[in-house]
Structures are given as structure tokens and as C-alpha cells.
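Please examine the structure shown here together with its sequence. The paragraphs that follow lead from a single residue to the core, the sheet and the charged pairs.

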Amino acid sequence: MPQPKKGARLGGSVAHQRKILANLCKDLIHNKSIKTTEAKAKAVRPHIEKLITKAKRGDTHNRRMALKVLGDRETAYILFEELAPLFEGREGGYTRIVKVGNRRGDNTPMAVISLVTEKVNPKPKAKKEDKVVEPAESADSPESPDSPESPESADSVDSAESAPSAESAK
């Protein structure tokens, strides 16, 4: 699980922040959507995403790791047996945060965090059409200095050929 951040924390102490995040994870697992402050929603997102990834693996070790965070067997059962199959085809992005305005009493920005349970529709790969790109040559355009017919490129080729022979004569 992500380590608690330094500085200002949710709730004051490290232990209290862990409990707040664990309770938010439990509520999100049970209700599939919760309304909370933006700061708490952004803080709980990595925790719940890692729990869902553990649930998708589904082995005993990952179940014990989830129980360590959640502390509740019923919630772990819901996570592993009911929610994990919903996310089987999805690789990350299990949650969605939607801002819903400010709270009336203290003007705190609020958000709804919810689990994304819709099926993933893989985007069809765009078919590459065989387009033949022909260079547009016009008689009016001057020749580029890189072309072999250009007098500038002929001088640079001659000077390039004479430079190594001058060095070998030394």
C-alpha cells in the first residue's frame, strides 16, 4: 500500500489517516459509489485500485494482504468474489472521480468516486489504407542543394573528396 504522505494528513495522525482511507475503501466496495471531499477521493484512489488488482489475482497471499488493509472478512469476500470478476478484462482505471461542486457549510470541493463496472470495449485498430505518396515535382521549383544536379552539392562533394586525400598526403 502507498505510504502515508508527509505534511498535512487526513485526520491528523498517520494511524487516523490509514483508518480513514480503509473506511473509504470499505464504503466504496459496499456501495460502489460514495460522495466525499476531493482530497479524500484523490487519496483513496490508489488504495482501492491496488486492492482491486489484488482481488483480480485472487490467491491466498493477496487475500491476506487485502484483509490486512480492510480488516473485514465480509468486505474482502465482496471484493474478491463479486467485484473482481467485473474488472477481469480491465487493466487499471477501476475508479472514476467526478467533481460535484462545493459543500454548503464550509465550501469544501466535493466529488463522487465510483467504481467503473462497465465492460471494456477494445478500440478497433484503424486499418492502414495503401496510400501511395508521390512526391510533387514541379518544373518551377528550384533544385534543392542536396540533389546531385545542383552546383552547390557538386562543389561540396569535390571538397569532401579532396579533404581526405589532403590529410593522407601529410
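In which strand does Thr-95 lie? Thr-95 belongs to strand β2, which covers residues 95-102; helices (H or I, at least four residues) and strands (E, at least two) are DSSP runs, numbered from the N terminus. The model is a predicted one, in which local features need pLDDT of at least 70 and side-chain atom pairs count only at pLDDT 80 or more, while totals for chains, interfaces and linings use all residues. Residues are numbered from 1 along each chain as its sequence is written, and side-chain values use heavy atoms, with hydrogens and water left out.

With a relative accessible area of 7%, Thr-95 is buried. Here buried means under 20% relative accessible area, exposed over 50%, and partly exposed in between, with a 1.4 Å probe and protein chains only. The side chain of Thr-95 makes polar contacts with two side chains of other residues: that of Arg-45 at 3.1 Å and that of Glu-49 at 2.8 Å. A polar contact is a pair of N or O atoms within 3.5 Å; within protein, one must be able to donate a hydrogen and the other to accept it, and residues adjacent in sequence count only if both atoms are side-chain atoms. Residues up to four places away in sequence set aside, Thr-95 also touches Leu-28, Ile-48 and Leu-115, among others, contact being defined as heavy atoms within 4.5 Å.

Apart from neighbours within four places in sequence, Ile-48 is in contact with Cys-25, Leu-28, Ile-29, Thr-95 and Leu-115. The largest nonpolar core has 28 residues, and Ile-48 is one of those with the most contacts inside it, a group that also includes Ile-29, Leu-51, Ile-52, Leu-70, Leu-79 and Leu-115. Two or more residues of this core come from each of α1 (14-31), α2 (38-57), α3 (60-70), α4 (73-83) and β3 (109-115). The greatest contribution is that of α2, with seven residues. A nonpolar core is a set of buried Ala, Val, Leu, Ile, Met, Phe, Trp, Tyr and Cys residues joined through side-chain atoms within 4.5 Å.

Helix α1 has 18 residues and spans 26 Å from its first C-alpha to its last, close to the 26 Å expected at 1.5 Å a residue; the expected span is 1.5 Å times one less than the number of residues. Its buried residues include Ile-20, Leu-24, Cys-25, Leu-28 and Ile-29, as well as Gln-17 and Lys-26. The buried residues of α1 pack against β1 (33-37), α2, α3, α4, β2 and β3. Just after this helix, Lys-32 adopts a positive phi of about 65 degrees.

The strands may be considered next. Strands β1 and β3 run antiparallel and are joined by five bridges, and Lys-35 has Val-112 in β3 as its bridge partner. Strands β2 and β3 also pair in the antiparallel sense, over seven bridges; pairing requires that DSSP find at least two bridges between two strands. Thr-95 has Leu-115 of β3 as its bridge partner. Five of the seven residues of β3 are buried, and the strand is thus mostly covered. The hairpin of β2 and β3 has six residues between the strands, and Asn-107 there takes a positive phi near 60 degrees. Thr-108 is found in the loop between β2 and β3, and its side chain makes a polar contact of 2.9 Å with the side chain of Asp-106.

How many salt bridges does the structure hold? There are three, a salt bridge being a side-chain nitrogen of Lys or Arg within 4 Å of a carboxyl oxygen of Asp or Glu. Arg-63 and Glu-81 meet at 2.9 Å, N to O. Because Arg-63 lies in helix α3 and Glu-81 in helix α4, this pair ties together parts that are 18 residues apart in sequence. Arg-96 and Glu-118 meet in another salt bridge, at 3.3 Å, N to O. Arg-96 lies in strand β2 and Glu-118 in the loop between β3 and α5 (151-169), so the pair ties together parts that are 22 residues apart in sequence. Asp-106 and Arg-103 also form a salt bridge, at 3.1 Å, N to O. Asp-106 is partly exposed at 46% relative accessible area, and Arg-103 is partly exposed at 37%.
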